[in-house]
Each structure stands twice: as structure tokens, then as C-alpha cells.
Amino acid sequence: MLIAWPICLLVFPDQLPIFGAIAALLVVQQDNVDQSLSRGLERVVGVLLGVTVALIAGEILGQHSWLFVAALTLAIALGWLLRMTPSASNQVAISALLVIALGGLDLHYGVERLVETLIGALIGFGLNALVAAPVRTLPVHEAIAKLTEDAAAALRRLADALDEPRDDEWLEEMYERARALQEDRSGVHALLRQARESLRLNPRSRRYREGLAADDELFQRLQPIVTQVIGMSRAVYDLYESDLVADPSVVGMVEEIRRAAHDLELLVGPGEPTGDHVEPPLLTSPYTIPRPHPDHWVLIGSLMEDLRRVRGRITGELDL
């Protein structure tokens with residue numbers, strides 16, 4: 001506003017640059033450059049339509065005390081007919097009222113205010129692009145890392161459920177914590193959308209695009225893993241029996257699930273250094289069951305298929 005005010009005064013020295021200052025304030029406070037441009041265009045179009053509404057209402061109705069009500073009604077109707085957003089419709093109505101209150105029905109005054117608004121919007125957009133616009137890629141990376149760690153923790157809880165007998169309360173907590181992964185995944189979706197918007201038209205975007213693309217690729221690999229983990233937790237919650245933990249096939253599966261959790265965490269980090277080497281993946285060979293259990297074969301088979309898919313996503317053997 002401090003920059004827009006003197007510049008607009010240089011162009012139009014006879015009028016206080018209220019329209020330009022308001023436009024600069026509204027445009028510069030947006031979260032990213034793309035939204036700043038959209039708000040600037042919205043403001044300019046709103047003033048254009050507001051000036052038009054004020055002039056038309058004044059030409060038809062003349063200078064009367066209820067001209068404000070008529071102009072307001074016409075502005076709202078125009079916004080509805082053009083299917084404008086609520087904020088854009090408000091811009092039309094406010095601009096029409098300000099033009100009538102400050103400049104009367106002078107066409108020259110309306111054109112000057114339109115140009116003044118354009119100047120303020122350009123100043124706000126420029127400052128947003130060069131100074132104020134944040135880059136929102138770091139929250140995406142942190143959210144994906146947390147989602148990966150939570151999914152690995154859910155796998156370890158699955159292994160714990162199959163390692164020793166658990167009561168209903170423990171199983172319910174296990175399932176609820178697994179279901180929470182769905183909300184976390186939705187949160188990553190929203191953060192990715194915000195990050196892409198923050199880079200659009202941003203002059204600093206080039207240095208961040210590669211990292212965001214890598215995070216997006218990792219998230220695409222992680223999404224089906226989250227789906228499988230939730231499904232595995234639901235299957236154990238629904239079909240769990242205490243004697244399940246004594247089955248030889250399940251005993252071996254516990255170790256494979258823990259290996260899957262270990263390797264899943266390696267997707268967001270190299271692991272803990274051990275001497276001169278980095279901790280390697282543990283999923284070195286597939287696990288097979290020669291003969292299904294007569295009572296638990298549905299649960300065991302379901303878990304094995306889901307584990308196969310999780311393993312394939314981790315190692316990259318399955319297509320994204």
C-alpha cells in the first residue's frame with residue numbers, strides 16, 4: 001500500500017488512490033503467486049463491472065437517495081448471472097458503491113479508478129512474486145516422511161498382533177491407528193496441491209521443482225502401500241483368533257512383515273550407518289507357504305497377497 005499510494009498519486013494527483021491501495025493490499029496477501037494473479041484479475045474485473053453498474057444505474061435512475069440500493073441489487077444480480085465467485089461478486093458491489101459515493105456518475109472518474117486498480121494490482125502481484133510468496137515444498141516432504149514412518153509402525157503392530165495373543169481392545173486400537181493413515185494420506189494430497197500452487201509463476205520455483213517431483217513420485221508409490229496396510233489391519237481385526245500365533249506359517253510371516261516395515265522406512269532415509277556401510281534392505285527373498293491352514297487359510301492367504309503387493313511397491317517390482 002505504501003508503494004501503490006505515491007505511484008497512483010503521480011498518475012492521478014487529483015484523487016486519493018483508495019482503489020489502488022485496496023487492490024495492492026488484497027493482491028499481495030495471497031499465499032502464492034498464482035492466487036495473487038487470480039485475485040488481481042478478479043479485482044480489476046470487479047472494478048470494471050462495478051463502474052459499469054454504477055454508470056448504468058445512474059443513467060437509468062438518476063441521482064436519487066435509493067440509487068445505492070438499486071446499484072447494489074444490480075451488482076448482486078450481475079454476479080449471479082455471470083456465475084461469479086462470492087468474492088468476485090462482492091468486488092462488483094463494493095466498487096459500484098464506492099464509485100457512486102466518491103465520484104458520482106462521472107465516466108472519466110470511473111475509468112481513472114479502473115486504471116488505478118490495475119496499477120495497485122500489478123504492484124501487489126510483483127511484490128508477491130519477488131518478495132512475499134512462500135514456497136511450500138518442505139511441509140510436503142515432512143508429511144510424506146511421517147506418513148511412511150506411520151505406515152511402517154502400522155506394519156510392526158500387525159506383526160505384534162501375529163506374534164503373541166492379543167485381546168479385543170488391543171486389536172481395536174491397532175485397527176484405529178491404521179485407519180488414521182487414510183486421513184494422513186488426504187493431508188498429503190492437500191499439501192501437494194498447495195506446493196504446486198506455490199511454485200506456479202514463482203520465480204524461485206526452478207530450484208524446488210525437482211525435489212517436489214521426487215516427493216510426488218514417492219507418494220505415488222506410498223499410496224497403495226497405505227491401502228494394503230489398512231486392509232491387512234482390517235483383516236486381522238475381523239478374523240483374528242488367539243491360536244493363530246501358533247501356526248508355523250504365521251510365525252514366519254511375522255518376520256517378513258517386520259522386514260517390510262524396515263524397508264519401508266528406508267524409502268525416506270538411507271537407514272542407520274553401520275561401520276562403513278549403510279543398512280541394507282531386508283526383503284531379500286519372497287516368503288512362501290507350502291500348505292494353507294484349514295481354519296485360518298482365508299486370513300493367511302489375504303495377508304500373504306497384501307504382503308506380496310507391499311513388498312513389490314517397496315522394491316519397485318510393481319508398476320506405480
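Buried means under 20% relative accessible area. Keep that cut-off in mind for this tour of a predicted model.

**Stop 1: the whole chain**

Show everything as a cartoon. The chain has 11 helices and 2 strands. Of the 320 residues, 41% count as buried. Next, think about contacts with a separation of 6 or more: 78% of them come from residues 24 or more positions apart.

**Stop 2: a pair of rings**

Select Tyr-175 and Tyr-237. How are two such rings described? A pair of aromatic rings is described by the distance of the centres and the angle of the planes. The chain's count is 1 aromatic pair. Its ring centres, in Tyr-175 and Tyr-237, are 5.2 Å apart, and the planes meet at 15 degrees, so the pair is stacked. Planes under 30 degrees apart count as stacked. The pair links distant parts of the chain, 62 residues apart: Tyr-175 belongs to helix α8 (residues 168-199) and Tyr-237 to helix α9 (residues 206-239).

Is Tyr-175 buried or exposed? Tyr-175 has a relative accessible area of 10%, so it is buried. Tyr-237 is at 32%, which means it counts as partly exposed.

**Stop 3: Glu-112 and its surroundings**

Move to helix α6, residues 107-132, and pick Glu-112 there. Its relative accessible area is 16%, so Glu-112 is buried. Which residues does Glu-112 touch, leaving out those up to four places away in sequence? They are Phe-12 and Gln-15. Pro-17 is 95 residues from Glu-112 along the chain, yet their C-alpha atoms are separated by 9.8 Å.

Stay with Phe-12 and select Arg-113. Arg-113 lies over the face of Phe-12, 5.6 Å from the ring centre.

**Stop 4: another charge over a ring**

Select Arg-166 and Trp-170. The charged end of Arg-166 sits over the Trp-170 ring, at 4.4 Å from its centre.

**Stop 5: a nonpolar patch**

Colour Ile-3, Ile-7, Leu-10, Val-11, Leu-127, Leu-130 and Val-131. Together these residues make a nonpolar surface patch of about 690 Å². Which elements give two or more residues to the patch? They are α1 (4-11) and α6.

End on Leu-127, in helix α6. Leu-127 has 34% relative accessibility, so it counts as partly exposed.

Technical notes:
Residues numbered from 1 in each chain as written. Predicted model: local features only at pLDDT ≥ 70, side-chain atom pairs only at ≥ 80, totals over all residues. Heavy atoms only, no water. Helix = DSSP H or I, 4+ residues; strand = E, 2+ residues; numbered from the N terminus. Buried < 20%, exposed > 50% of the residue type's maximum accessible area, 1.4 Å probe, protein only. Contact = heavy atoms within 4.5 Å. Phe/Tyr/Trp six-rings, centres within 6.5 Å; stacked < 30°, edge-to-face > 60°. Lys NZ or Arg CZ within 6 Å of the ring centre and 35° of its normal. Patch = residues over 30% accessible without salt bridge, like charges linked within 9 Å, V, L, I, M, F, W, Y side chains within 5 Å. Areas by Shrake-Rupley, 256 points an atom, 1.4 Å probe, with all protein chains shown as cover. Salt bridge = Lys/Arg side-chain N within 4 Å of Asp/Glu carboxyl O.
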